[in-house]
Amino acid sequence: PPKAKHSDSFEPVENFPRFPGCEEITKKKERTACAQKKMLEYVYSNLKYPKEAKDSSIEGTCVVRFFVDVDGTLHEPKLLKDIGSGCGEEALRIVNSMNDMPEPWIPGTYRNKPVKIYFNLPVKFKLDKK
């Protein structure tokens, strides 16, 4: 099984953490795809393109790493990649706002027990060329 970094050890993982809202789907692959889609919808409906980045025509991808705890809360968000002009701060803001959602994330599991697992989230900044 794939290995995920646990805060104090390496744990094999059976199920990676998921964004909430697709638990009624029984097939794992479809549920994962649904959670991915809902997470992207959340990110891009809440994203505020920083004015400085927009004015400088800055585009690219920031990456935020955080861990999903056993209760589904997100902790220790850290910017792994920043394209500057406020984009990294905006990506961090989005990740932090996920703890204010009505439902927490679905934690990852190992041997049917929740475990805390790191998650990398790429956030793309692309200007609308209208």
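Glu76 lies in strand β4, where strands (E, at least two residues) and helices (H or I, at least four residues) are DSSP runs numbered from the N terminus. Although Glu76 is not a glycine, it has a positive phi of about 50°, and with a relative accessible area of 53% it is exposed; here buried means under 20% relative accessible area, exposed over 50%, and partly exposed in between, with a 1.4 Å probe and protein chains only. A positive phi, near 55°, is also found in Ser85, a residue other than glycine. Ser85 belongs to the loop between β4 and α3 and, at 16% relative accessibility, counts as buried.

The model is a predicted one, in which local features need pLDDT of at least 70 and side-chain atom pairs count only at pLDDT 80 or more, while totals for chains, interfaces and linings use all residues. Residues are numbered from 1 along each chain as its sequence is written, and side-chain values use heavy atoms, with hydrogens and water left out.

Strand β4 takes part in an open sheet of three strands, whose order is β4-β3-β7 and whose pairing is antiparallel; two strands are said to pair if DSSP finds at least two bridges between them. Because β4 (74–81) and β7 (117–125) each have a single partner strand, they stand at the edges, and one side of each is left without a neighbour in the sheet. From one strand to the next the twist averages 25°, the angles being taken between the N-to-C directions of axes, which are lines fitted to C-alpha atoms (for helices over the stretch in contact), and running from 0 to 180 degrees. Strand β3, which covers residues 60–68, pairs with β7 in the antiparallel sense over nine bridges, and Val123 in β7 is the bridge partner of Cys62.

Cys62 is buried, with a relative accessible area of 0%, and its sulfur is 5.3 Å from the closest cysteine sulfur, that of Cys87, which is too far for a bond; a disulfide is a pair of cysteine sulfur atoms within 2.5 Å. Cys87 is accordingly in no disulfide, and it too is buried, at a relative accessible area of 0%. One disulfide is held by the structure, and it is formed by Cys22 and Cys34, whose sulfur atoms are 2.0 Å apart. The torsion about this S-S bond is about -75°, so the disulfide is left-handed. Since Cys22 lies in the loop between β2 (10–12) and α1, and Cys34 in helix α1, the pair ties together parts that are twelve residues apart in sequence. Both partners are buried, Cys22 with a relative accessible area of 0% and Cys34 with one of 17%.

The largest nonpolar core has 28 residues, of which Phe19, Met39, Phe66, Met98, Trp105 and Leu121 touch the most other members; such a core is a set of buried Ala, Val, Leu, Ile, Met, Phe, Trp, Tyr and Cys residues joined through side-chain atoms within 4.5 Å. Two or more residues of this core come from each of α1 (28–46), β3, α3 (87–97) and β7, and α1 gives the most, with five residues. When neighbours within four places in sequence are left aside, Met98 is in contact with Phe19, Met39, Tyr42, Val43, Leu74, Trp105 and Leu121, contact meaning heavy atoms within 4.5 Å. Thr109, found in strand β5 (residues 108–110), is buried with a relative accessible area of 15%. Its contacts, again leaving aside neighbours within four places in sequence, are with Val13, Glu14, Asn15, Pro114, Val115 and Ile117.

A search of the whole structure finds four salt bridges, a salt bridge being a side-chain nitrogen of Lys or Arg within 4 Å of a carboxyl oxygen of Asp or Glu. One of them joins the side chains of Lys37 and Glu41 (2.9 Å, N to O), which both lie in helix α1, four residues apart, or about one turn of the helix. Lys37 counts as exposed at 53% relative accessibility, whereas Glu41, at 42%, counts as partly exposed. Another salt bridge links Glu90 with Arg93, the closest N and O atoms being 2.8 Å apart. These two residues are separated by about one helical turn because they are three residues apart in helix α3; Glu90 counts as buried at 8% relative accessibility, while Arg93, at 32%, counts as partly exposed.
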